[in-house]
Number of protein chains: 2
Amino acid sequence: MNDRTGRPISLDKALTSFDALWSPRIVTRVNDYDVRVAKVEGEHVWHVHEDTDEFFLVLEGELHIALREPAGERTVVLPRGAVFTVPRGTEHKPYAASRTAIMMFEPSGTSTVGDRHDEIPAHVDATTGHRLGA
Amino acid sequence: MNDRTGRPISLDKALTSFDALWSPRIVTRVNDYDVRVAKVEGEHVWHVHEDTDEFFLVLEGELHIALREPAGERTVVLPRGAVFTVPRGTEHKPYAASRTAIMMFEPSGTSTVGDRHDEIPAHVDATTGHRLGA
């Protein structure tokens, strides 16, 4: 958790330490959960986490999350400073029209592409999160 | 989770919906965790969560967290946009010199004053978090 010396971490600095899109960095841990940040732009992929909710906070830009719910498909729009929790078992696809930065909170080991997903495009990193600075 | 209609929540709007200091509001849930926001100013109280880490993100202002660690006492300073996880079992006391807004992640049911604490001053709300708008 925190950095190796137990100091606070600036999310801005964390975000300037990497360029890859759709490739989350783990900034700290909270019990068995990760706090991750990611830069995103364009489309992610339809996927579902069967066993966990997934929390999003928009730090910069605007994030859209398409959701497939029992009542049909809809999209939620998160401007900067908005939060949303995608419920477990709900198929979703994040996308961003322009460069956007997000923070996520989810159990350590959660895959960016979930337990079921469409074909993974080349620009999407299938990962359980990278170490900051790695 | 989210609001009752499954819409994103603006943290700014959430923060304008109440005035009480040191009295967290639950903005959304992630599995069995709360995402809480609080307005803080002045001193909280020395306390410890024996069984859980506690995550802080500073949304506005600057948060200080005094920590009693095996090596001695120290204070970490979190400017806006900084994150820090207080490890379980570490006595800590947050304070802020001027009005500050924070977001926290912690298991639902976690008390603001932990499992052990100094005498609780009148300005500190001993709570497991309030519903937004309640």
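Predicted model: local features only at pLDDT ≥ 70, side-chain atom pairs only at ≥ 80, totals over all residues.
A residue is called buried when its relative accessible area is under 20%, exposed when over 50%, and partly exposed in between (1.4 Å probe, protein chains only).

Residues are numbered from 1 along each chain as its sequence is written, chains are lettered from A and ligands numbered from 1 in the order in which they are written, and side-chain values use heavy atoms, leaving out hydrogens and water.

Now to the rings. Rings of Phe, Tyr and Trp (its six-membered ring) pair if their centres lie within 6.5 Å; planes under 30 degrees apart count as stacked, over 60 as edge-to-face and the rest as tilted. Over all chains, the count comes to 6 aromatic pairs.

| Pair | Centre to centre | Angle between planes | Type |
|---|---|---|---|
| A:Phe105 and B:Tyr33 | 5.6 Å | 70° | edge-to-face |
| A:Phe105 and B:Phe105 | 3.6 Å | 5° | stacked |

The pair with B:Tyr33 crosses between chains, running from strand S9 (residues 91-107) of chain A to strand S3 (residues 33-43) of chain B; strands are DSSP runs of E, at least two residues, numbered from the N terminus. A:Phe105 has 0% relative accessibility, and B:Tyr33 is buried too, at 6%. One aromatic cluster takes in A:Tyr33, A:Phe55, A:Phe105, B:Tyr33, B:Phe55 and B:Phe105.

Conventions: Helix = DSSP H or I, 4+ residues; strand = E, 2+ residues; numbered from the N terminus.
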